[in-house]
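Subject: Structure handover

Hello,

The structure is handed over below, with notes after it. Please read the notes with the coordinates open.

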Amino acid sequence: MERKSNKQPKLGLRRGDKVRVIAGDDKGKEGTILEVLLDKNRAVVEGVNIVTKHTKPSAGKPEGGIKKTEASIHISNLQLIDPASGKLTRVGRKLDDKGKLKRFSKKTGEFIK
């Protein structure tokens, strides 16, 4: 009998990272990650994948109307922009001098944040 693991896979991206969309309708757009949804492997990026929501007037919000918000986008359609060089890069993980696991840019080899 196999056991299911409760561990979430480590994603290379975090909140606050500057990313570029590499696939989909918004291909080429850049933005900052506002939220990462680990269970769905998705992220909400500022100014990307804008959707229109129609809201009905209610007691809490008497003014209804149309509201534009960012929807999530799959993490595989995003790529990190290297803070040092400004180019697209993949993310790796390795130990630093203190023995702590940190993210690094595979293009330049420098640690990220």
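The notes below go through the sheet, some loop residues, the ring contacts and one record annotation.

This is a predicted model, in which local features need pLDDT of at least 70 and side-chain atom pairs count only at pLDDT 80 or more, while totals for chains, interfaces and linings use all residues. Residues are numbered from 1 along each chain as its sequence is written, and side-chain values use heavy atoms, with hydrogens and water left out.

Six strands form an open sheet in the order 6-3-2-1-7-8, with antiparallel pairing. Strand 6 (72-74) and strand 8 (88-89) are at the edges with a single partner strand each, so one side of each has no neighbour in the sheet. Strands here are DSSP runs of E of at least two residues, and helices are runs of H or I of at least four residues, numbered from the N terminus; two strands pair if DSSP finds at least two bridges between them. Strand 7 (residues 78-81) and strand 8 run antiparallel and are joined by two bridges. I81 has L88 of strand 8 as its bridge partner.

Strand 10

S105 belongs to strand 10. Its relative accessibility is 0%, so S105 counts as buried (buried is under 20% relative accessible area, exposed over 50%, partly exposed in between, with a 1.4 Å probe and protein chains only). Leaving out residues up to four places away in sequence, S105 touches D82, T89, R90, E110 and I112, where contact means heavy atoms within 4.5 Å. A polar atom of the S105 side chain lies 3.3 Å from the backbone nitrogen of K107.

Loops and positive phi

Which phi value does N49 have? It is near 60°, a positive value in a residue other than glycine. N49 sits in the loop between strand 3 (42-45) and strand 4 (50-55), and it counts as partly exposed because its relative accessibility is 25%. K113 is also not a glycine and has a positive phi of about 45°. K113 is in the segment after strand 10 (101-105) and is exposed, with a relative accessible area of 71%.

K29 lies in the loop between strand 1 (18-21) and strand 2. With a relative accessible area of 37%, K29 is partly exposed. Not counting residues up to four places away in sequence, K29 touches V19, R20, V21, G47 and V48. K29 and V45 are 16 residues apart along the chain, and their C-alpha atoms are separated by 9.9 Å.

Rings

How many aromatic pairs does a search of the whole structure find? The search finds zero; rings of Phe, Tyr and Trp (its six-membered ring) pair if their centres lie within 6.5 Å. There are charge-over-ring cases, however: the charged end of K94 sits over the ring of F104, 4.5 Å from its centre, and over the ring of F111, 5.6 Å from its centre. The criterion is NZ of Lys or CZ of Arg within 6 Å of the ring centre and within 35 degrees of the ring normal.

Annotation

The unreviewed UniProt entry carries the annotation "domain: KOW" for residues 12-39; such annotations may be inferred rather than shown by experiment. The span is 0% helix and 43% strand, and its end C-alpha atoms lie 15 Å apart. D39 is in the loop between strand 2 (30-37) and strand 3, and is exposed at a relative accessible area of 61%. D39 and R20 are 19 residues apart in sequence and 22 Å apart in space, C-alpha to C-alpha.

Regards

How values were computed: Rings of Phe, Tyr and Trp (its six-membered ring) pair if their centres lie within 6.5 Å; planes under 30 degrees apart count as stacked, over 60 as edge-to-face and the rest as tilted. A polar contact is a pair of N or O atoms within 3.5 Å; within protein, one must be able to donate a hydrogen and the other to accept it, and residues adjacent in sequence count only if both atoms are side-chain atoms.
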